[in-house]
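Dear colleague,

I am passing on the structure we spoke about, and my notes on it follow below. Please read them with the model open beside you.

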Amino acid sequence: MLFLRNNGNAAAMSIGLMGGTFDPIHMGHLVTAEEARQQFDLNYVIFVPTGNPPHKEKETISLPEHRYLMTSLAVMSNPYFFVSTVEINSKTPTYTIDTVRHFSGSEKEGPEVYFITGADAILEIFTWKDYEELLRLCTFIAVSRPGYSLDRFRESLNRACPEMVNKVHLLEIPALAVSSTYIRERAALGKTIKYLTPEPVEQYIKKHDLYLSG
Ligand code: NAP
């Protein structure tokens, strides 16, 4: 992916990396990315579907090709949104530090990077590969669903990883009442998923018989 910078204005470029499994992507993810883009004045948001996540080896998730294509269909109408294949094309387990290094470029000239993902995942960050370098390279946007206690999040973060407190912004997104799990469960029961995910994604799920087995 090519990032064009204005001469002498490299530091002004900010990008959001939206990390997640996206199985499937839904309206909550899109609202989240758009809200983050506006609040943090991001030039772009790049969705990065996970490839071969080391922490999920035993779980069954849809093929990376399906998750990538659904994500691409979902972001099509937003000129600020892109999708990266950097994790799904990797033959080895993928770590966020490698993805962030990929987009940061050289530290002085690269864009300012915000990593956007679920608040629960961020609470585990001290278990992630090279997390100290990650804290140096990017700022985190921890996204929560309605009903999630932000006070509890701050306490947990302070306990788990005090050096992170100033590097994390919390974003509560009411539209995240929708979850990928909820969509998969509904699809497995033959219930409608209309309006929970963009229509092209809904069509893709039907066409490829995704999630039928629950
Ligand atoms: P996940 O299983 O897809 O999601 C965990 C929870 O967070 C779910 O409730 C999910 O809701 C929500 N969520 C996930 N991505 C979100 C997003 N971008 N915006 C809002 N909510 C989101 O994800 P995960 O496996 O925990 O991983 C999340 C990110 O952290 C990925 O980019 C992953 O690569 C990274 N990670 C890295 C390491 C490492 O480097 N060692 C370890 C763990 C995670 P939905 O199901 O509705 O999406």
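A search for aromatic pairs across the whole structure, which is a predicted model, turns up 7 of them. Phe 22 and Phe 47 are both buried, and together with Phe 81 they form one aromatic cluster.

Another pair is that of Tyr 148 and Phe 153, whose ring centres lie 6.3 Å apart with their planes at 55°, so this pair is tilted. Tyr 148 and Phe 153 are buried. The ring of Tyr 148 also has a charge placed over it, for the charged end of Arg 152 sits there at 5.3 Å from the ring centre. An arrangement of this kind is found for Arg 37 as well, whose charged end sits over the ring of Tyr 80, 3.8 Å from the centre of that ring.

Turning to helix α7 (residues 180-188), which of its residues are buried? They are Ser 180, Ile 183, Arg 186 and Ala 187. When one looks down the axis of α7, these buried residues fall within an arc of 130°, and they therefore line one face of the helix. The partner against which the buried residues of α7 pack is α1. Just after α7 comes Gly 190, which takes a positive phi of about 75°.

Last, a word on Phe 126, which is found in the loop between α4 (119-123) and α5 (131-137). If its neighbours within four places in sequence are left aside, Phe 126 is in contact with Tyr 131, Ala 160 and Cys 161. Thr 60, by comparison, is 66 residues from Phe 126 along the chain, and the C-alpha atoms of these two residues are separated by 25 Å.

Note on methods. Residues are numbered from 1 along each chain as its sequence is written. This is a predicted model: local features need pLDDT of at least 70, side-chain atom pairs count only at pLDDT 80 or more; totals for chains, interfaces and linings use all residues. Side-chain values use heavy atoms; hydrogens and water are left out. Rings of Phe, Tyr and Trp (its six-membered ring) pair if their centres lie within 6.5 Å; planes under 30 degrees apart count as stacked, over 60 as edge-to-face and the rest as tilted. Buried means under 20% relative accessible area, exposed over 50%, partly exposed in between (1.4 Å probe, protein chains only). A charge sits over a ring if NZ of Lys or CZ of Arg is within 6 Å of the ring centre and within 35 degrees of the ring normal. Helices (H or I, at least four residues) and strands (E, at least two) are DSSP runs, numbered from the N terminus. The arc is that of the directions from the helix axis to the C-beta atoms. Contact means heavy atoms within 4.5 Å.
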